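Hi everyone, thanks for coming. Today I'd like to walk you through a structure that may be new to you, so please have a look at it with me.

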Amino acid sequence: MKPLWTSNMNLSTESYYESLNNDDFDEDEVLRLCEEYFEIAIGIRKPTEQERRDAGRILIQSITPDGDKTDDLDRIRVAKYPPLDFSDKHLYEIFSIIEYAVFKKLAKNTDKMDGPYVPMLRAELYHQIEDFSNGNMESALIRQAACFETYCRMKLSRTRKTQWKHLDITSINILEKEDREFLNDDFRDVRDDYAHDWRVYITGSQEREELMKVCTEGLGLLAKLHKKEIINIYQNNCDKHISKRFASEWWDRPTGKLESSASVTVQIKCEYCGHRFIPEEEGWKRCPECDKPHDYLEA
């Protein structure tokens, strides 16, 4: 049996990316699946009814004696309509890895984007929100620094050993002047203190307030870059106006939930009030919370 994911699965971005380059897979089929996932992930469209049925079928098959018939491409088929539960951090990270590998594959083999920046920033925002909710500002700061440095190195096609002072971020067009000043000045000052001076970990409230301030601004920059990357990719790959884009963050997408009876139900999020519900059980035409109509049937 080969389950698609387990609690002890050792899956990394590089290992899964390499699996997509497996000679056993037809390259055209791999790219087609990646492109279909990509359309959903940036909000060009929602998953089709057939894609939803396929995701449910594969999920059920993966936990039966026929589970050995599933393969790494089935992960993409399920990711189009995932059984995502945000209380399960491990499951979220697995889908983030799949998404990163898919975008990296497309970046290297198509002209749809210049890199896997959307899943990279999306995953980091998820972890940042967790750190903020737990008051773990030191972790938030170090993670932000690693993310910003990696992002800029990738944009400039520099190696991971390139030091920040050798990165000419003025040539990264997506960064505005205020963004570059923040990264080079305020953020870098606080980051260097926490990275190189142990004493800052036992100092008083003034330093703590400065840490909170720079982490909050850093979180805002992450969200800003994520939004700009999404808009740029959407406009380059879709002839519809940006106002027609479907919300495509993980928490906004329709998801499949695998029940103990081995049936798959559809859970959606109301675009008006944010309430999550299963249309078949709670509101076939209208949201049970705010009574606004939804377009699930027409999706």
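Let me begin with a convention: an angle of 65 to 115 degrees between two axes counts as roughly perpendicular. Keep that in mind, and also that what you see is a predicted model.

Now for the overall picture. The protein chain holds 11 helices and three strands. Starting at the N terminus, the order of elements is α-α-α-α-α-α-α-α-α-α-β-β-β-α. Of the 299 residues in the protein chain, 45% are buried. If we take the contacts with a separation of 6 or more, 61% of them join residues 24 or more positions apart. The accessible surface of the protein chain is about 15600 Å², and carbon and sulfur atoms account for 46% of that.

Let's turn to a pair of helices. Two packed helices are described by the angle between their axes and the distance between the axes. Here, helix α4, residues 72-79, packs against α5 at about 105 degrees, and the axes are 10 Å apart. That angle falls in the range I mentioned, so α4 and α5 are roughly perpendicular to each other. On the α4 side we find Arg 75, Ile 76, Val 78 and Ala 79, which meet Phe 95, Ile 98 and Val 102 of α5. By type, this contact has six nonpolar residues, no polar ones and one charged.

Is Ser 96 buried or exposed? Its relative accessibility is 9%, so Ser 96 counts as buried. Beyond its neighbours within four places in sequence, Ser 96 contacts Ala 123 and Trp 250.

Conventions
Residues numbered from 1 in each chain as written. Predicted model: local features only at pLDDT ≥ 70, side-chain atom pairs only at ≥ 80, totals over all residues. Heavy atoms only, no water. Buried < 20%, exposed > 50% of the residue type's maximum accessible area, 1.4 Å probe, protein only. Contact = heavy atoms within 4.5 Å. Helix = DSSP H or I, 4+ residues; strand = E, 2+ residues; numbered from the N terminus. Areas by Shrake-Rupley, 256 points an atom, 1.4 Å probe, with all protein chains shown as cover. Axes fitted to C-alpha atoms, helices over the stretch in contact; angles between N-to-C directions. Parallel < 35°, antiparallel > 145°, perpendicular 65-115°, else oblique. Nonpolar A, V, L, I, M, F, W, Y, C, P; charged D, E, K, R; others polar.
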